[in-house]
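Welcome, and please take a look at the model below. The report that follows walks through its fold, its cores and a few selected residues.

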Amino acid sequence: MANHAEKDGHLGPTTYTLACNDGNATSSWNQTGFESYPPDLDGVRQFIHLACAGIGSPLNVMVANVIIRQRRLRNPRNTFWLGVIFCNLLALTNAIIEYVAFELMSAQACIIFRITAGIPYTLILVNLLLATLDRWVALTYPLFHRETVNVKLVVLVQLFFCTLVILLSTFPYWTEMIPLNECGVDTIVLEWTTVVFLSLTLLSIMAQVQIYFKARSCLRKDLTRHISNHQQNRINRLEVEATVTLACGVMSLCFFSLPFSIVCMVDWICRHHQISKIEPLQWCSFAQSALPYLRELLLVHSVYSPILYMIRSREFSEAFRSTITCP
């Protein structure tokens, strides 16, 4: 496989051509989000890639190490977080592959990145949605949750959905519907990834809002059962903590995932306008210019989530101190 790229002489966005296998198959690369293969990383995006990988990888490994080593953290809630942490590491690994594809102009790395580009963050969203569902069951059916939901069940559910996501995401490739001898992106794969990202993001936000109102309702019921001012202050503090936790969860998705998903949908509409030979919409150029940088927010999310977990989880903070003092 030849590992070289040549600049085309066309006007407009910078495009590249990769010769694969015997050089007969070529594909165009441009700067429109997912279709950039290998990604044309400018200085800002290179810095974000390397900074996130350098900071996020040790953070996520440290959190995973504490959860695995500390027996007190072996419960369903922390097991879901452990799944998110592993998915964060996959996303950071995928970013390194993307950087290698750009820096070394490696066709092999480019094809690997092409196949796996949307999988890590899809897994993150799926695990966040499963964790939110677990919280809803714990609040709605507390006795059932205590008796039924355990670490083993959570791991099995995570493995099932992760395997399902990987199989569905790679289905066009292992069934040879899309050839792997070219380093490019298929329009259908791009459209499905856009729909999945937006759907999972909106579902997660709505689920977290529902969890908040459910928790608030439960706290108010408990409040009516106690008369003492001390207990009333305790309940109010718990409600405030629930509000802050919801704000952190929802705002992280609204800031990191939702803008990218929305702009992806706008870009999708623009593509159909171009295919139909309709005059491009005014915001199409903005969407295509912003999309590569909004993708970086998904990578930053893999650094933000372990920090959020360390700050918001008291039991993790105690376990972390215990790990430091008694290694």
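What share of the contacts in the protein with a separation of 6 or more comes from residues 24 or more positions apart? The share is 75%, where contact means heavy atoms within 4.5 Å. Please keep in mind that this is a predicted model, in which local features need pLDDT of at least 70 and side-chain atom pairs count only at pLDDT 80 or more, while totals for chains, interfaces and linings use all residues. Residues are numbered from 1 along each chain as its sequence is written, and side-chain values use heavy atoms, with hydrogens and water left out.

**Overall fold**

The protein has 11 helices and three strands; helices (H or I, at least four residues) and strands (E, at least two) are DSSP runs, numbered from the N terminus. Along the sequence, the order is β-β-β-α-α-α-α-α-α-α-α-α-α-α. Of the 327 residues, 46% count as buried, meaning under 20% relative accessible area, with exposed being over 50% and partly exposed in between (1.4 Å probe, protein chains only).

An unreviewed UniProt entry lists "transmembrane region" for residues 47-68, 80-99, 111-133, 153-174, 194-213 and 244-269. UniProt positions are given in the numbering used here, feature names are shortened, and such annotations may be inferred rather than shown by experiment. Two of these listed stretches can be set against the model: residues 47-68 are 100% helix and 0% strand, with end C-alpha atoms 31 Å apart, and residues 153-174 are also 100% helix and 0% strand, with their end C-alpha atoms 29 Å apart.

**Nonpolar cores**

A nonpolar core is a set of buried Ala, Val, Leu, Ile, Met, Phe, Trp, Tyr and Cys residues joined through side-chain atoms within 4.5 Å. The largest one here has 33 residues, and Y121, L123, I124, F260 and L294 touch the most other members. Two or more residues each come from α2 (76-103), α4 (119-140), α6 (151-174), α7 (187-224), α8 (229-256), α9 (258-275) and α10 (284-312). Helix α4 gives the largest share of this core, eight residues. Setting aside neighbours within four places in sequence, L294 is in contact with P259, F260 and V263. There is also a second, separate core of 18 residues, with I48, V63, L82 and L92 included.

**A helix crossing**

How do α1 and α11 pack? Helix α1 (residues 43-69) meets helix α11 (residues 314-325) at an angle of about 90 degrees, with the axes 10 Å apart. Axes are lines fitted to C-alpha atoms, for helices over the stretch in contact, and angles run from 0 to 180 degrees between N-to-C directions. The two helices are therefore roughly perpendicular to each other, a term for angles of 65 to 115 degrees (under 35 is roughly parallel, over 145 roughly antiparallel, and the rest oblique). On the α1 side the contact is made by M62, V63, V66, I67 and R69, and on the α11 side by F316, A319, F320 and T323. By class, these are seven nonpolar, one polar and one charged residues; Ala, Val, Leu, Ile, Met, Phe, Trp, Tyr, Cys and Pro count as nonpolar, Asp, Glu, Lys and Arg as charged, and the others, Gly among them, as polar.

| Residue and helix | Relative accessible area | Contacts |
|---|---|---|
| A91, α2 | 12% | P120, I124, L299 and S302 |
| S204, α7 | 0% | L125, L129 and L253 |
| S305, α10 | 5% | W81, V84 and N88 |

A91 and P120 are 29 residues apart along the chain, with their C-alpha atoms separated by 4.9 Å. For S204 and L130, 74 residues apart in sequence, the C-alpha to C-alpha distance is 9.0 Å.
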